[in-house]
Every structure is written in C-alpha cells, then in structure tokens.
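Q: Could you show me how to read helix packing and sheet layout from a model?

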Amino acid sequence: MIQGFEFAGLNIWFLAKIIVLLFLIIYIVFSGVVIKQIINMNETLDVGISFIMNIIAIGHFCFAVFVFVFSFLLL
Amino acid sequence: MIFYHKQVLCYNLLKMPEIYNAEKNDSKLISNIHSENDTKESSENDLIDTLDSEAQQNRQSKKAFQPFKFESNADSNSRVFSSYCINPKNVNFYHKDSQEKVILLLRKHPFTNIPWIFTALLMFLAPIFVSFFGFIEIVPWEFKFVLFVVWYMITLAFVLEEFLSWFYNVNIITDERILEVDFVNLVYREITDANIDQIQDVTVEMSGVWRTFFNFGDVVIQTAGEVPRIRFEAVPRPDDVAKILRELRLEEEQEKLEGRIR
C-alpha cells in the first residue's frame, strides 16, 4: 500500500486505486462492446477487411484486460 | 344501256349541276383527306422509325456508357479506404441481392476527419503539458505510469470510434437502389434504402470555402418511398454522384419500358 493522505479513515491512494480499477473495468466492457459493434458493422457492410478489423477489436480488448491486470498488480 | 346511263348523266349535269359538282367536290375532298391521312401515316411511320432509331442509339449509348471506366483498373485493395469508390470489388452489404451490382461506395470526404485527427493529436501531446503543473510531483510514480497508460487508452478509444464512424457510415449506390448506412453510436444503427425508380429529385448542396475548394458536399435525394429524403453527407464529387443517379434513373426507366425489370 502506498503511504499518503487519509480521507474519511481511508488511504487516498487506495481510493484512487479503486477508482482507476473501476474505470478500467468499464473500459473492458467498452472494448467488448467495440468487438460486438465491429461484428455488427461487418455484417452490415463487408468491404473485404473484416478480418483485420476483428483483429484490431480483439487486440484492443486484450490490451484493456492486460492494463487492468497490470494496474491491479502495480498499484 | 350505256347510252341510257350517259343520258342520265347529262340530265343530272343539266338539271342539278351543283349536286353533280358537289359529288365531284366531295370526291375531291375525300381524296384529299385520304392523301392527308396517307401523309399523316407516313409521317407517323417516319416518327416511329426515328424514335426506334433514337431508342436504338440510346441503347447503344447505354451499352457504351461506362462512367466508371477510369477507375475500374485500379487495385481494389488500395481503394478500401477511399471515400469515392467506383465499381468496388468485394463489397457486400446487408440484404444485398445476388444479381445486384454496387456501382458507387461513398464515405465522407477525408477532409471531414481533420477536426478529430487534430483533437487526437492534442490528446496525444497532453501528458507533456501535465508535467508543467506542480501537483503532479506528489503523485507516486506507479499512479503516474498507470494514469499515463489510461490516458493513451482513452485516446486510442477516441481514435478507434471516430475511425469506425467514418469507415462504416457509408452511402451505397447500386444498379437497383440507394442505401444510407448510419451508425449513430455504439449500439444504434440506421439503414435507409430506396429504389432507383422511387427517386424523384436530386439536389446537390455545396456551400463554404473548404467544401468548394476540396469539391465535396451533400447530395439530397427526394424519394417517393417511406423515407422521403435521403442525404449523402459531405461526399466527394457531389455533381458526379448526381449525374450517376440521373443516368441510373434513365436506365431504370428504359428497363421499365423494355420490361426488363428484375
């Protein structure tokens, strides 16, 4: 635990960690929605690069999960 | 007998010359009408022949009409990100008929991407300016690092969303209909289509310095369908788009006349 200021009996950096992790959870949900969105878009309009767009969306999701795990361990 | 007839004729001529002449006049009149009718018929025939030859010429010109021949030889892969894609290959969309041919794929002009690219650039450079603020010194390095990564994730999400919005919000013109695909946000999409023969009026709107300079604008299509108006927003070469639509309408009318409707 990083030592710092106290706020309502709680370490402020602990609160900050909770907020950052909550944000990252929301971001993971968002990246999941992006995958679904790209799948829908590719169903609606296929211009021959659906595979690349899917890879980008899945890579984005994996990156979001990685950042969450990394932040959880580091903070 | 012949003599008797001649006598009667002479009698008619002497007694009722006006009647005899009237008959003659009538016969002249009738012959005139016949000749006029013949003239009319011949002129009608000429007109039909002319129309036939014009229709044949139109057909030939339609066969020869290839407004897209200039770009048909271009590599299709290089035109995936084009905002004005003529005769695109490998383009499929929802509810596309097997025989339907995509003639034109339109996106917003690349110039419309400048504002969000500029914003993304500012977001990318923003962490450099944060170091000028004094309060950042009290933040532990772990938080600095994570906040740095989170900030660039937000930037990435912004760029991804804006790019997807540009890339997938398209207008499609096929040989049978026009489509407007609009992804308003992450979970809402709107697809509007109208048959070519439902198009009533096409208006090109091009206003402003940048639009005039870079030759892009709106094409407003008035239709007789359920959606009365379809707007192709900020598309490149709007005059060419309107011209293609006009020619497709003519072709559709010709198909109707010839009974070649699918």
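A: Start with the angle convention: axes are lines fitted to C-alpha atoms, for helices over the stretch in contact, and angles run from 0 to 180 degrees between N-to-C directions. Note that the model is predicted.

Q: How are two packed helices described?
A: Two packed helices are described by the angle between their axes and by the distance between those axes. Here, helix α1 (residues 12–44) of chain A and helix α2 (residues 50–74) of chain A have axes that come within 9 Å and cross at roughly 170 degrees. Because angles over 145 degrees count as roughly antiparallel, α1(A) is roughly antiparallel to α2(A). The residues of the contact of α1(A) with α2(A) comprise 18 nonpolar, seven polar and no charged.

Q: Is A:Ile26 buried or exposed?
A: A:Ile26, found in helix α1 of chain A, counts as exposed because it has 11 C-beta neighbours inside 10 Å; the cut-off for exposed is 12 or fewer.

Q: How do strands of a sheet pair?
A: Strands of a sheet pair through backbone hydrogen bonds, either parallel or antiparallel. In chain B, an open sheet of five strands has the order β1-β3-β4-β5-β6, with antiparallel pairing. Its edge strands are β1 (84–86) and β6 (188–195) of chain B, each pairing on one side only. From one strand to the next, the twist averages 15 degrees.

Q: Which residue stands opposite B:Tyr84?
A: B:Leu106 in β3(B) stands opposite B:Tyr84. Three bridges join β1(B) to strand β3 (residues 102–106) of chain B, and the two run antiparallel.

Q: Which helix packs on the sheet?
A: Helix α6 (residues 238–258) of chain B packs on the sheet, touching β3 and β4 (171–174) of chain B. The direction of α6 makes about 155 degrees with that of β3(B).

Note on methods: Residues numbered from 1 in each chain as written. Chains lettered and ligands numbered in written order. Predicted model: local features only at pLDDT ≥ 70, side-chain atom pairs only at ≥ 80, totals over all residues. Helix = DSSP H or I, 4+ residues; strand = E, 2+ residues; numbered from the N terminus. Parallel < 35°, antiparallel > 145°, perpendicular 65-115°, else oblique. Nonpolar A, V, L, I, M, F, W, Y, C, P; charged D, E, K, R; others polar. Buried ≥ 20, exposed ≤ 12 C-beta atoms within 10 Å, placed from the backbone. Pairing = 2+ DSSP bridges. Contact = placed C-beta atoms within 7 Å.
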